[in-house]
Amino acid sequence: MLFITTLLSRRFATRIATPILFEHHQCFISRKSFISHLQRHWRGELKIMKLQSPVLDNLVTPEMKKLSDLFEKYNFELRIAGGAVRDVLLDKVPHDIDFATTATPTQMKEIFTKEGIRMVNMNGEKHGTITARIDDKENFEVTTLRIDVVTDGRRAEVAFTTDWQIDANRRDLTINAMFLDFQWNLYDYFNGREDLANRRIRFVGDATERIQEDYLRIMRYFRFFGRIADSNSVHEEATLEAIKQNVHGLKSISGERLWMEFSKILMGNFAASLMKIMVSCGVHTYLGLPENCNLEEFERVCGVTEETGCHVMTRLMALLSTDDELYDLDKRIKFSNEEFASGIFIIHNRDTPMGEDKMKFCQYLLVDSTGKQKITFEHICELLKYKNEEDLLEEFRQWTPPFLPVSGNDLVSLNIPKGPLFKRTLDEVRQVWKLSDFSLTRDELLERVPQILENVKATPRKQSPKPKRKRKE
């Protein structure tokens, strides 16, 4: 890491301390080259205003007050940063509060050590973040003010600074570039408060520059549009053009990071319209989606799940036409086992005719499906949401699935050897029980086992297809 001390006039730094220490090597940055860097990126005009909100009345816990007092004691500034400030302005109670400070990680460690405060999860130190646990009750992540000196579209080499505006300038969106001190003074450099009030999503400064610093910001733009915008909000043409020109950068972003953002877009507001914009910008193919997504079906499923809520995979599957497209998407996104199972279940069953007795279709599907019954039950509920079978969904949820009265131990007692024949026999017993509408008793089923066993022996064994996807551990 490197540390830069700045004393800034209205426009540029007037003093910079060198040498500058990176993580693994010593290097020097001249005052002239760094000032040139600031000239290219310096933006913003500070507005300070006093906030009054009922949210603030109970925001500060005793542990947070202790943290604030500690930084004040050692003459370092500490402010609430980013998303928590945005939530306060929306009169929402923040669930995660991040803090920014003028203290370096080394200085924070010295303070916490001297005061006997335990530090946890030291992995963030290289990025300037120290996590302090106050009174063994609450963890607080505190990050030193930074500037991105070198970026490659995924990660950045950062310098530490004591200037709040420099740190604000490196953030992605205006609504995320505000700070709040503990006297409830709001520090707004890029009209973030006004943008938030107008439900407008804008990048800090030049959209192309911000995107090229971290291409994941393309996905963050769409996610925050779905979270903040209202029906009157519009996309600025310059922003969409910047996304189109830089969308290729998404190929360097890991599937896991893409999915973290994309899944929130799918479940957020305006998901259908946002997906159309994303496709028009060429985002979808870099996510692993097919060139010709089924946008019409996606819009339908978003509409029917607006009120009921659904699993994210329920909506996502509407964009896909075949299971091969899901396998291709999985190679890029790397779904969890549960997510993939939910998706493949919908694809395999959504076009199957349900017949006149739809409830029986659901019951039989539960019995015929492999895997844990509780998980399959939820998969069927998601399938019904997808198909907009609201009344059937409620009826199915009220149904208590019966348990097969015959167990494997019963077949063992009948001297049926364990192995493929054993499994096929038990499966056929389950089918006989199902076709009786679950009415046959244990004794009645056991009476039929000899005949069932003969039928199974006379039936050629079906070869199970090789799985296309290995289960993740």
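This briefing covers charged side chains and their contacts in the structure above. The model is predicted: local features need pLDDT of at least 70, side-chain atom pairs count only at pLDDT 80 or more, and totals for chains, interfaces and linings use all residues. Residues are numbered from 1 along each chain as its sequence is written, and side-chain values use heavy atoms, with hydrogens and water left out.

**Salt bridges**
- The count is 32 salt bridges, each a side-chain nitrogen of Lys or Arg within 4 Å of a carboxyl oxygen of Asp or Glu.
- E115 and K73 form a salt bridge at 2.8 Å, N to O.
- This pair links distant parts of the chain, 42 residues apart: K73 is in helix 3, and E115 is in the loop between helix 5 and strand 9.
- Helices (H or I, at least four residues) and strands (E, at least two) are DSSP runs, numbered from the N terminus.
- K358 forms a salt bridge with E389, with the closest N and O atoms 2.9 Å apart.
- K358 lies in helix 18, and E389 lies in the loop between helix 19 and helix 20, 31 residues apart.

**Burial**
- Buried means under 20% relative accessible area, exposed over 50%, and partly exposed in between (1.4 Å probe, protein chains only).
- K73 is exposed at 53%, whereas E115 is partly exposed at 30%.
- K358 is partly exposed at 32%, whereas E389 is buried at 18%.
- R217 and E213 are both buried, and a salt bridge joins them at 2.8 Å between the closest N and O atoms.

**A buried charge without a salt bridge**
- D163 is buried and has no salt bridge; R79, the nearest side chain of opposite charge, is 8.7 Å away.
- D163 lies in the loop between strand 13 and helix 6.

Note on methods: Lys, Arg positive; Asp, Glu negative; His and termini not counted.
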